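Please keep the sequence and the 3D view open while reading.

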Amino acid sequence: MKGLDLVTPRKWFFLGTAIIIALGLASLLIPPGLRLGIEFTSGSTMTVRFTEKEVSQAELRQALRDLDYEPIIQELGKGEFFIRLRRIDRDEKAALEKALAERLGKLEVLDFYDVSPIVARETGRNAAIAIAAAAVGILLYIAWAFRRMPRAFHAGACAVIALIHDVLIVLSVFSLLGRLLNIQVDALFITAVLAVVGYSVNNTVVIFDRLRENLGKAGRKANLAQEVNRSLVETVSRSLNTSLTTLFVMVCLLLFGGVTIKNFVLALIIGLIAGTYSSLFLATQIWLTWKEGLGLRRARAS
Amino acid sequence: MKVNPWTIGLILAIIAFSTWLVLTPSIHIGGFVREGFRLGLDIKGGSHIVLEADLSGLGPGESAEEAMRGAVEVIRRRIDAYGVAEAVIQRQPGGNRIIVQLPGVEDVEEAVKLIGQTAQLDFREPKLDENGNIIRDEEGNVKEWVPAEGIIDGKKVHLTGRFLKQRTQVVLDPTTNEPMVQFEWNKEGAKLFEQITSRLVGKPLGIFLDDQLISAPIVRSVITNRGVIEGLTLEEARLLSIQLNAGALPVPLKIIQQQDVSAILGADSLKRSLRAGIVGLALLLFFLIAYYRLPGFIAALALIFYGFLVLALFKLIPVTLTLAGIAGFIVSLGMAVDANVLIFERMKEELRTGRTLRAAIETGFSRAWTAIRDSNLTTFIACAVLYWFGSRLGAAPVMGFAVTLFLGVAVSMFTAIIVTRNLLRLALATPLGKRREWFKI
């Protein structure tokens, strides 16, 4: 794409991103930052579908309150609800089913999930370990992938910044969704985040790889900004296409796929978009600004 | 670079084999049986239950290992007697947890009650006061029970369910048609029972299940071998007889996690996910051909073959497909195109620098290969971590996603490099290949 300049307007990219990240962090830090699902906090959930009468979310909430429950309800579709309660055992579940049927007409229990505090604590711990392990693995990989770059540390750090940006974006969106729609974060969400991490580093590494090649070709007299832009322009077609192809299928899954994995696919999609954005508009631009800043300092010092 | 006919032949053979494997519904060859794909509980419908054993009550001579193995055995017997097809019972290695999977059980509540209950049967007699009368409370019920014991070989032995023969069954009382659980004693049990019943003629005998009194019939005469327990519903009687035959659990179990998925939801989700996958795939193919023309068409072919190859692997290994796993497969379809896009973009550049078509293809592939390999490495790292995470959780969806994504990406590397390259070389050999326009500069 001739004439595409992704380097000069980078101030705006940084500004835009900073605003979004700030908003996201705000949402994450003000409790409840993320609505944690029962896999992390223990409890029971049920997905029910009312087949006889039309039931509204308000009616369902009232009925459950009358039965002495404090429910969190998410409406999934016509007469279909996801209910989260304190822990109940099977006898209680059967009784609840009967009581709801008496009040609101026939219903089907599509699924039932019950997690004890022991398991919830373990899941939390395992999630933390998984994230830490993935982080270490990715960092090692970045160190290895950038071994041939001049000043590999800077490039690696920029890749890591892009990565953190991607994860924060996904977390922020789900923090907002949690507030607005009661969408909960479960083990599959962690899965999506890790998958995003794996995928997003790809793109960034490819671009930096191209940058290395171009810097090598340009030699000492390299105009950094020019080379960065050249590298970006040369790889933009590839970056966009690969992201688009994966995005196609994921959007299809989101729109037409089953309701059980909707949140999971949504997390993947957001991660993918954030990852593409950070690779094209942030990673190398940050590197450039950093490099220039160092160059200025050196010039002033000498 | 000439096209190697052996390579083409091998590729075709693999593709043919994969297609056959995927499309044939039922395969029985020698010991190798595949009836369709293995589906996870979230698609088939069923229950996943995690039980934790309370090992605190173990005596000094009893090992945890034996107790756990015993518990698994008891559960297995109960499930077999109840009749659940394809139930899976696994013990967490070295730990005190048992995972039970019951696919498609109609009345899950009953099945779970069957498994989780310790079902320790024991017999007790009423406590007597100094005059030998039964101490009763205000309502006239026996106030206190003491364990019913007899003497065998000079030692006092408490009569419990472990002396039962595995002959417990449910019978109907001939006169009242009420269900009864009929049990039979082994040699020692019979001796004990004889001693106890002779002591208790005219008095109630307390029958306790897990420390709950379930029946207290008045002993009419001395009984030795057989006995009945009355006062239960048919369902209760059936469950109890299964439990008595399977034996009591050596240690009490508690449910720490359970998940039921109804078959309706599962089937619905599967249908929708497949539909989404097909639409997505169609869009992909359309995009490939529209944007990259002839190479795109070749990539589309390679993609379809790739799809069949991965599905064949899923059937072969076999991989348990969950909804997340299917999502992983569909995502890997998108990523498989990735590799092809990389190659084509590289080819475009080589062509722009003026190389011949043939040279462009070859250099395109070798340059792109390092990029493909490196970029897939991060996905492999993520998959490895995810697989570990999923296995710690016992969460099939997480593991399923990790496996399908890993396999998908690995196979995509194969198809992109080997299949696409050879098809392109093949295309070069045809008249179409001479025309650069088809290759989109």
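Contact here means heavy atoms within 4.5 Å. This is a predicted model, in which local features need pLDDT of at least 70 and side-chain atom pairs count only at pLDDT 80 or more, while totals for chains, interfaces and linings use all residues. Residues are numbered from 1 along each chain as its sequence is written, chains are lettered from A and ligands numbered from 1 in the order in which they are written, and side-chain values use heavy atoms, with hydrogens and water left out.

Arg78(B) lies in helix α3 of chain B; helices (H or I, at least four residues) and strands (E, at least two) are DSSP runs, numbered from the N terminus. Setting aside neighbours within four places in sequence, the contacts of Arg78(B) include Leu114(B), Ile115(B), Gln117(B), Ile242(B) and Leu249(B). Arg78(B) is buried but has no salt bridge. Buried means under 20% relative accessible area, exposed over 50% and partly exposed in between, with a 1.4 Å probe and protein chains only. A salt bridge needs a side-chain nitrogen of Lys or Arg within 4 Å of a carboxyl oxygen of Asp or Glu. The side chain of Arg78(B) does reach the backbone oxygen of Gln117(B), at 2.6 Å.

Helix α4 of chain B, residues 108-116, has seven of its nine residues buried. Among them are Val108(B), Glu110(B) and Leu114(B). The buried residues of α4(B) pack against α4 (90-104) of chain A and against elements of chain B that include α3 (64-82) and α6 (234-246).

**Nonpolar core**

A nonpolar core is a set of buried Ala, Val, Leu, Ile, Met, Phe, Trp, Tyr and Cys residues joined through side-chain atoms within 4.5 Å. The largest one has 95 residues, and Leu268(A) and Phe389(B) are among those with the most contacts inside it. Helix α8 (residues 323-352) of chain B supplies the largest share of this core, 18 residues. Not counting residues up to four places away in sequence, Leu268(A) touches Val331(B) as well as Ala192(A), Ala195(A), Val196(A) and Met250(A).

| Residue | Relative accessibility |
|---|---|
| Cys158(A) | 0% |
| Cys252(A) | 4% |
| Ile73(A) | 2% |

Ile73(A) is in strand β2 (residues 72-77) of chain A. Zero disulfides (cysteine sulfur atoms within 2.5 Å) are present over all chains.

Technical notes:
Lys, Arg positive; Asp, Glu negative; His and termini not counted. Polar contact = N/O pair within 3.5 Å; in protein donor to acceptor, adjacent residues only side chain to side chain.
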